[in-house]
Amino acid sequence: MRVHVVSDVHGNSRDLAAAGNGADALLCLGDLVLFLDYADHSRGIFPDLFGAENAGALVELRTARRFEEARALGRRLWGELDAAGASRESVIEGAVRKQYAELFAAFPSPTYATYGNVDIPRLWPEYAGDGVTVLDGQRVEIGGRVFGFVGGGLSTPMRTPYEISDEEFAAKVEAVGEVDVLCSHIPPEVPELCYDTVARRFERGSTALLHAIRTTRPRYALFGHVHQPLAHRVRVGATECINVGHFNATGTPYVMEW
């Protein structure tokens with residue numbers, strides 16, 4: 001059995017179309033949308049609307065953890081757009097829909113997918129075809145192994161679209177129960193897995209995931225979210241915790257074989 005795993009696609013539909021080549025199934029751990037590229041400020045919904053210079057300024061403020069100033073910049077720019085007669089919500093949704101149409105069309109069959117923190121779950125049913133199974137707080141058997149999926153991210157000052165409370169996230173982890181492979185968008189709360197060496201900050205990991213790993217002992221815990229982690233792989237007890245990679249940058253899936 002061969003399964004390919006991707007996360008943090010962020011608009012890379014070209015490589016996504018080939019990500020399932022040679023695999024029996026593709027797993028996607030979320031973040032399909034590209035809103036703002038921290039490495040290339042000309043790419044994404046934000047620079048398309050407000051230009052690369054403003055995108056670079058926003059990245060600089062966020063990287064410096066000057067979140068109030070970043071929000072003030074955003075309010076000013078969106079206010080100018082509103083004044084021109086364009087609704088922020090409708091503009092963003094239109095851009096996201098365009099990306100989703102391309103990305104879901106690129107998924108092979110079968111694909112098993114869960115949401116990332118920048119995704120908009122309510123739109124997914126419109127684009128997920130017969131070959132795409134969306135799972136969140138649910139499990140599925142693939143090639144004799146049980147895979148559990150937990151989507152979304154935890155609340156942060158970034159206020160991305162699909163951030164939920166610790167309690168809601170923990171309930172989904174509990175609903176998944178004992179599995180062979182625990183799949184999530186965010187990592188368990190392990191410092192080496194949560195620190196982004198380029199953004200120079202800790203992303204939020206989940207204590208509920210870490211507790212589940214220690215108590216239910218899955219073979220693997222797979223996730224993404226942290227684009228340039230201090231460590232890509234850490235063993236917690238019997239479980240290999242693996243960041244499957246920043247697919248937007250690498251265009252290469254993580255491969256599992258058994």
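Phe223 has Asn243 of β14 as its bridge partner. The model is predicted; local features need pLDDT of at least 70, side-chain atom pairs count only at pLDDT 80 or more, and totals for chains, interfaces and linings use all residues. Residues are numbered from 1 along each chain as its sequence is written, and side-chain values use heavy atoms, with hydrogens and water left out.

Strands β12 (residues 220-223) and β14 (residues 239-243) run parallel and are joined by four bridges. Strands (E, at least two residues) and helices (H or I, at least four) are DSSP runs, numbered from the N terminus. Two strands pair if DSSP finds at least two bridges between them. An open sheet of six strands has the order β5-β6-β9-β12-β14-β13, with mixed pairing. β5 (138-142) and β13 (233-236) each have a single partner strand, so one side of each edge strand lacks a neighbour in the sheet. On average, neighbouring strands of this sheet are turned by 20 degrees against each other, direction ignored. Axes are lines fitted to C-alpha atoms, for helices over the stretch in contact; angles run from 0 to 180 degrees between N-to-C directions.

Helix α7 (residues 166-176) packs on the sheet. It touches β5, β6 (145-150) and β9 (181-184), where contact means heavy atoms within 4.5 Å. The direction of α7 makes about 170 degrees with that of β6. Helix α9 (residues 207-216) lies across β9, β12, β13 and β14. Its angle to β9 is about 175 degrees.

Pockets were located on a 1 Å grid over the protein atoms alone, as open sets of points where a 1.4 Å probe fits, with protein on both sides within 12 Å along at least five of seven lines. Lining residues have an atom within 4 Å of a point. Grid points are joined across faces, edges and corners; a volume is the space filled by probe spheres set on the points.

The largest pocket has a volume of about 1200 Å³. Its lining holds 50 residues, of which Phe35, Tyr38, Arg62, Met158 and Thr160 are the closest to its centre. Two or more lining residues come from each of α2 (45-50), α3 (52-63), α4 (67-83), α5 (88-106) and β7 (153-154). The largest share, six residues, is from α4. By class, this lining has 24 nonpolar, 12 polar and 14 charged residues. Ala, Val, Leu, Ile, Met, Phe, Trp, Tyr, Cys and Pro count as nonpolar, Asp, Glu, Lys and Arg as charged, and the others, Gly among them, as polar.

The second largest pocket has a volume of about 290 Å³. Of its 15 lining residues, Leu34, Gly44, Asp48, Gln99 and Glu102 are the closest to its centre. α5 gives the most to this lining, with six residues.
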